[in-house]
Amino acid sequence: MKRFGRMVPVAALATGILLPGCATTEPEPATTLQLERMTESEREAGAKKVAETYMTNFTTAFREKDIEKFKQVISEERRQKLTPEVFEQILVASKSEQGEFVDMKLVAVLDQVIYQTFLWKMTYEKQDSDGNPFRRDYLYFVSVGKTGESEYAVGAAGFRL
């Protein structure tokens, strides 16, 4: 027991030396963001075009098994990790879960002040256990915000139940 009692202070000292300490700095002054509602023309000319391009790339990636189109709809971090083998696994999982992509239709646009959320009904078809085809609809959203003068970017996208 005596030996363990001596090691605790040595370990604490080593930890204190090896780990960086906290630094104190002057807090940065809080900035107030000027949030402006996206105008109807910005929504139609800019945000909608970005959302439609995203959806075209997304559906083309799966329909044509096009890894380059898929890379256009994922983050830089995920792009660096994406290999042809991983993409093939994604395609197999998508086909197993959803089936073959059939069609998509823009069903609504939600005006959410500084960004717009575009909602698509996506229809997929697959076969039941007896081999009979059936279709299923999914809801897919793409949220687009304004990032500069006449510049827009997708902030979030994905399937919703």
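Me: Which residues form one aromatic cluster?
Reply: In this predicted model, rings of Phe, Tyr and Trp pair if their centres lie within 6.5 Å. By this rule there are 13 aromatic pairs. The residues that form one cluster are Tyr54, Phe58, Phe62, Phe70, Phe87, Phe101, Tyr124, Tyr138, Tyr140 and Phe159.

Me: Is the pair of phenylalanine 62 and phenylalanine 70 stacked, tilted or edge-to-face?
Reply: The ring centres of phenylalanine 62 and phenylalanine 70 are 5.7 Å apart, and their planes stand at 90°. Planes over 60 degrees apart count as edge-to-face. The pair of phenylalanine 62 and phenylalanine 70 is therefore edge-to-face.

Me: What kind of pair do phenylalanine 70 and phenylalanine 87 make?
Reply: Here the ring centres lie 5.3 Å apart and the planes are at 40°.

Me: Is phenylalanine 70 buried or exposed?
Reply: The relative accessibility of phenylalanine 70 is 9%. Buried means under 20%. By the cut-off, phenylalanine 70 counts as buried.

Me: Which element gives the most residues to the largest nonpolar core?
Reply: This core has 25 residues, and Phe58, Phe70, Met122 and Val142 touch the most other members. Two or more residues come from each of α2 (40-63), α3 (67-71), α5 (84-97), β2 (115-127) and β3 (133-148). With seven residues, the element that gives the most is α2.

Me: Which residues does phenylalanine 58 touch, not counting those up to four places away in sequence?
Reply: Phenylalanine 58 is one of the core residues that touch the most other members, and it also belongs to the aromatic cluster. Leaving out residues up to four places away in sequence, phenylalanine 58 touches Val73, Met122, Tyr124, Tyr140 and Phe159.

Me: In what order do the elements of the protein chain run?
Reply: The secondary structure consists of five helices and four strands. Read from the N terminus on, the order is α-α-α-α-α-β-β-β-β.

Me: What percentage of the residues of the protein chain count as buried?
Reply: A residue counts as buried under 20% relative accessible area. The protein chain has 161 residues, and the buried share is 26%.

How values were computed. Residues are numbered from 1 along each chain as its sequence is written. This is a predicted model: local features need pLDDT of at least 70, side-chain atom pairs count only at pLDDT 80 or more; totals for chains, interfaces and linings use all residues. Side-chain values use heavy atoms; hydrogens and water are left out. A nonpolar core is a set of buried Ala, Val, Leu, Ile, Met, Phe, Trp, Tyr and Cys residues joined through side-chain atoms within 4.5 Å. Buried means under 20% relative accessible area, exposed over 50%, partly exposed in between (1.4 Å probe, protein chains only). Contact means heavy atoms within 4.5 Å. Rings of Phe, Tyr and Trp (its six-membered ring) pair if their centres lie within 6.5 Å; planes under 30 degrees apart count as stacked, over 60 as edge-to-face and the rest as tilted.
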